[in-house]
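This briefing goes through the model shown here, topic by topic. Please keep the sequence and the structure open while reading.

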Amino acid sequence: MNMGDHLLSWILFTPLLGMVVVLAVPSSNKYLVRWVANLAALASFLVSLQLVLRFDTHAAGFQFVERASWIASLGVNYSIGVDGISYLLVILTTALTLLSVLASWSEVEERLPAYYAMLLLLETGILGVFLSLDFFLFYVFWEAVLVPMYFLIGIWGGERRLYAALKFFLYTMTGSVLMLIGILILYFAHANQFGVRTFEIADLMRVQLPIAAERTVFWLLFLGFAVKVPMFPFHTWLPDAHTEAPTAGSVMLAGVLLKMGTYGFLRISLPLLPNASQDWGIVCILAVLSLIAILYGALVSLMQKDWKKLVAYSSVSHMGFITLGIFSLNVKGLTGAVIQQINHGISTGLLFLLVGIIYERRHTREIAEFGGVAHRMPNYAVVFAIAMLSSAGLPLLNGFVGEFTILQGAFEVNPWWAALAVPGIVLGAAYLLWLYQRTMLGELTNEKNRQLLDLNLREWAVVLPLVAAAFWIGIYPKPLFEIVEKPVAQIMDRLHRTELHQKEVQP
Amino acid sequence: MPTTLLERYFPVVLQAILAFAIGTLLIGASAILGKRVRNAVKNTAYECGMTPYGTAKERFSVKFYLVAMLFILFDIEAIFLYPWAVVFRDLKMFAFFEMLVFVILILAGFFYIYKKGALDWTAEELKPVQHKIHVDLMPADPVPSEKVTHAA
Amino acid sequence: MPANFMPSAAEYFRFAPEIILTIVGTLVMILEAMTGDRDKSSLGYVSLLGLAAAMAAAVAANNDPGLAFQSMIIVDGFATFFRVLVLGVGMLTILVSTNYLSEAKANSGDFYALILFSVVGQSLMACANELIMIFIGIEISSIASYILAGYLRDDRRNNESALKYFLMGSFATAFLLYGVAWIYGLTGSTNLGEIRTVLSHGTAPTAMVGISAALMLVGLAFKVSAAPFQVWAPDVYQGSSAPISAFMSAGPKAAAFAVMVRVFYTSFDSISNQWEPVFWIMSLATMVIGNFAALQQRNIKRMLAYSSIAHAGYVMVAVTSHSAVGTAAVMFYLASYCLMNIGAFAVVTWMARDGEKFVEVDDFSGLAQKQPFVTAILTVLILSLVGVPLTGGFFGKFLVFKAAIDSHLMWLAILGLLNSAVAAYYYLRVLVVMYFREPGASTVNLPPVAGTLRVAMLVTTLGTIALGIFPGLILGFATQSSTLGK
C-alpha cells in the first residue's frame, strides 16, 4: 500500500473506512463485530505509526501537507498537514482510540456495530481537527465531533445520560457558533485586505485587524475553545458528560477531546491574533480563569463521592495548568502546555480505564463501596498507584515533566501565578492519595468486593502501553521536547514579531 | 398639468365628498320627510310577492349551492370574452388561438364537473360526487379537535 | 398596439414548463373524471412524468435566457433555480403522498391535478417579472393549496386547517394586491424593472412608496410565514395531512421568497434604507418566535411547523443582507431546507398511520430498535435541520450568516446563530426519543415503508448529504445567478 503522498488522508479516513466495514458486518454476530472493530482501530493506529517513522523533528513548518480545493466559490480547501504539536496529538488519538475500543470488549453489549461505528467516527472527527490547516475544515470537523460523542453518551451512558448528552451538545454548540462568527470576520478581513477568499490558517495570519476588532474576534474564538477545554466557568458540562459516558467515551473525552480546545488556542488564537493574545488585560483574565480552574477543580475533586466524577473534576484542574502554560506566552509555558496535553491524555485516560475496569466488576462508582481492594486485586492496585502518581505529578512519571515546565513558564511571567498554581498540585496529590487510601488500602470491609478478580490479559493489554508511556516520558522526555521545540519556536517567533511591529508603529 | 398631490387627486376628493353628501342627504331626507306606515303585510319578508311561509332556516340540498357556484364560475369566465371581442380585430389569429385555448380549458373544466356528476340533479340513487373520499377518517376517540384548537 | 405582439417561438419556449404543467394537469383532471373509482396511483406517475418534463423544459429554457411576453416573464438563472426547486418539491410531494392517499382511500387524480396546478403557480412566481404575473402566480398556487389543505374533507382537522388557511391567505393576498395597486398608481407600471427606474429618479413620494412596499411585504411575509404573520402556519401544518404539510412548508414558501427577493432587490432597491431595518426586525422576530415556540411542542407536525417558521427567519437574514451573496444564500438555503423538511414530513407521513394517530414526538419512542432505516433517515435530516456540518443545513446556515456578516449585520448574525443553538434542543429531543427510549405502543406493528415513500426519503436524505459534502454542486450556479439578470 503506497501511502507516500497521502499519508495524512489515510490516517484521517482509515477509521471512517473501518466504520463502514463495522456497519457492514452482520450485527447478530457480536464476536465478529468486536474483532472487526478492534482490527479497524488497530489498522488506523498502524497507519498513524508511519508518521512516527517519517516525521522529521528538525523541520520547521508543516509536513505531509495535502491541499485540494473543496468549495471553490468560497475558497474552502481541503488542506491538511502536521507539525510537532499536532503530530503528538494524532498519535495520542489513534493510540487512545485503539485502547478504548479494546477496553469496551466486555463492557458494551447493546447495539454493538453502532457503538464501534461512533467511536471510529469520533476518531476521524478528532483527527480532522488536529490535521486541518484550513479554518473552515477545522470548524467542520470541530462540529462533526459533537454527533458521535452525543450518541456515545446518550445511548451507552449511565443513568442520567440524556441530561448529560444534551448539556454537552448544547454547551459546545453554543460555543462553536460564536466561534464561527469569529472565523467569518477573519475571512472577510482577509478578503478585503488581499482580495483573496480563503480560510487557510497560514494566509489568515497576514490579516491586520485593528486591536479592538482583534479583541472581539479573540473573545468569539475563545468562547468556542474555552467551552471545549473546558475553562472555568464553562466547565459544568464536563463532570456530567464524563460521569455518564461509557468508559471509552470518558477516555476519548478526557484524553483527546478536551485537547481540541487547548489545541485551538495554540494553533489559532495565538498565531492568528497575536496582538489580542498578548494584550495584558486578556492574558490576565485568562491566567486568573486558569488559576481558578486549577484550584477550584482540585477542591471540588476532594469532595467527590463518585470515583469517576473525582477524575472528571481533576481534569478541570489539569486543563487549567495547560491554559496557564499557554497564556504564559513564553517558550517554557508553551512547551509545558503541549507536553502536558499528552501527559494528561495518558494519565487521565489510564485513570478512566481503571475506573471502567472496576465499574464493570461492581457496577458502582461510589467510593464508599470500596476499600481494601488491593487485597483482592494486587496488580490492579499497582497500576492504579502508577496512574495516580502520574496524574499527581510525581517526578520520574510523565505528569511531573509537563507541570514543572508550565510552572517554570508561569514563574517567569509572574511568580504569583506559579505560587497560586502550586497548591493545585498539592491538592491534586491529596485527593488522589485519599482516593487511593479509601479504595485500595485498608481492610476489605464490603462483602461484595470479596469476589473481585484481578486484571485479565486483555485488561493488561489495555493499561500496559499507557503505563509504559508514563514511565518513558517521565524518565526520558527529551524526544518529546525536541518534537515540540520547532512549533513552539514558531509560535514565539510569531508573537515576538508582532510585538516588535507594534513597537515600531506606536512611537 | 396639476403638480401637487392634492391637485392631482382633487377630483377624487371632490367625488368622495359628493357621494357622501348625496347619500347622507337622501337617507336623511327620507327619514325626515317620509310617512311611516306599519302593518303586518309590510313587515313580512319580501319573497317575490308571494306570501311567505315556514322558517327561513330551512335546510335545503347542497346541490343548490353547487350549481350556484358553478354558475358563477362559468359566468365570470365568460366575461373574458367581452374584452377579447373588443380587440380581436387587432390581434388577429393570435387572439383567436389564445381564446381557443381559454375555451378549451373551460370545456375541460365543464367536462370534469359533468363526469363527476356535479350536474346530476337526481341525487341519491346516483353516485355522489367524489364519493371515494367519503371515508370515515374521524377516529373513534375524539382527541384531534382539541389538539387543533390550542392556538399559537 | 405593438406590431410584434405575436410572441416568438423563443418566448413560448421560455414559458414551456408552465405550459407543460397546465396541459398535464388538465389531462390528469380529465382522466380522473373518466376512469371511475379505481385507485389512481397511475395518475400519480403521469403527474410525475409531467413534472419531470417541465423540469427538463425549465433547464432547457435556461440555455436561452431572456424576457418573454412583453417582459411579463423573465428567464434567468434565478428563475430557473426556483422553477427546478418547486418542480422538485412537487415530485417529492407526489412520491410522499401516493401511499398515504391509498391508505386513506382517497387516492384520486384530483389530488395530483391540484398539486400540478399549485406548482404551475409557484413556477410562475419564480419567473414573473411583473406584479400582476406575481399576483396571478400566488393566487394559482394558493387556491390549489387551500383545497389541498382540506383534501380529506371528512377529517375535521383538515377542514379547520383549510378554512384557516383560506381566510388568512386571502386576507394576505388582498394586502399584496393593495400594494400592487398603490405602486401602479405611483409609478404607472407594474413591470419590476420599470418600477425600479421610476423609483430611482426619486420623484415619487418616498413615504407612499414605503407604504406600498410595506403592503406587499405583508402579503409575502404571510406566504413565507415570517413574523408577525406566522400565526397560521402551526395550525395549518398540524391540521393538514402530513404530505400536504410537507408541500406547503416547501414549495409555496420557496416561491414566495423568490418573489420577495426579486421585488425588493429589483423594484425597491432604491429605498432599501427603508425596508432593510424592517427586514432586520422581522427576521430576528421570526427566528426567535419560531425557535422558542418550537421548544414547547409535543406534536411533531406542530414542532416542524414552528421550525419551518424559524427557518424562514434564517432565510430572511440572508434577504436582509441585501447583496448578491445574500441572494445566493437564500437560494442555497431554500434548496437544502426543502429537501430536509420534505424528508422529515415524509417520515411523519409514514409514522402517522390510521388517520394520523401517531403524530406526537413521543410516538417515535424506540424507533431505532424497530426501524433502523427510517431512524437513520430521520437522524440525518434532523442533524441537517440542526445545522451539523456535512449536511445541507449546515452550509445553508453558514452561507446565510456569512452573507449577514458580509453586510455588517453583526448582531443579527450573532443572535441568529445563538438561535440555531437553541433550536438544537428541540430537534435533539426527537433523536433522544428515537434512540434512548424503549419502544411503545406506537412503534409496534410498524407498517413497511412503501416503495414511493422510500424513494422520497432516500432522495431527500442523500440530497441533504450531497449538499453537505459538495455544496459546490448548486452553490456555483446560485452564485452565478444571484445577480438576478439585471
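The model is predicted. Chain A holds 21 helices and two strands, and 23 of its residues are in contact with 25 residues of chain C.

**Chain A as a whole**

- The C-alpha trace of chain A spans about 75 × 55 × 40 Å along its principal axes.
- Of the 507 residues in chain A, 59% are buried.
- Taking contacts in chain A between residues at least 6 apart in sequence, 79% join residues at least 24 apart.

**Where chain A meets chain C**

- The contact involves 23 residues of chain A and 25 residues of chain C.
- On the chain A side, the elements giving two or more residues are helix H5 (135–144), helix H6 (146–156) and helix H7 (161–194).
- H7(A) gives the most, with 13 residues.
- By class, this side of chain A has 19 nonpolar, three polar and one charged residues.

**The strand pair of chain A**

- Strand E1 (residues 63–71) and strand E2 (residues 76–82) of chain A pair in the antiparallel sense over six bridges.
- Within this pair, Ser69(A) stands opposite Asn77(A) in E2(A).
- Four residues lie between the strands of this hairpin, and Gly75(A) takes a positive phi near 75° there.

**Backbone exceptions**

- Most residues other than glycine have a negative phi, and most peptide bonds are trans.
- Val229(A) and Pro230(A) are joined by a cis peptide bond with omega about -15°, and Pro230(A) is in the loop between helix H9 (211–228) and helix H10 (237–244) of chain A.
- A cis peptide bond with omega about 0° joins Phe232(A) and Pro233(A); Pro233(A) is found in the loop between H9 and H10 of chain A.
- Phe69(C), which is not a glycine, has a positive phi of about 50° and lies in the loop between strand E1 (66–68) and strand E2 (73–75) of chain C.
- Phe69(C) is partly exposed, because 15 other C-beta atoms lie within 10 Å.
- Lys105(C), also not a glycine, has a positive phi of about 50°; its loop runs between helix H4 (77–103) and helix H5 (109–127) of chain C.
- Lys105(C) counts as partly exposed, with 15 C-beta neighbours inside 10 Å.

**Confidence in chain B**

- Chain B averages a pLDDT of 75, and 76% of its residues score at least 70.
- Among the elements of chain B, helix H1 (residues 5–33) has the highest mean pLDDT (90) and helix H5 (residues 144–149) the lowest (44).
- The pLDDT is below 50 over residues 125–152 of chain B, a stretch with 46 contacts in the model beyond near neighbours in sequence.

Note on methods. Residues numbered from 1 in each chain as written. Chains lettered and ligands numbered in written order. Predicted model: local features only at pLDDT ≥ 70, side-chain atom pairs only at ≥ 80, totals over all residues. pLDDT = per-residue confidence, 0-100. Contact = placed C-beta atoms within 7 Å. Buried ≥ 20, exposed ≤ 12 C-beta atoms within 10 Å, placed from the backbone. Nonpolar A, V, L, I, M, F, W, Y, C, P; charged D, E, K, R; others polar. Pairing = 2+ DSSP bridges.
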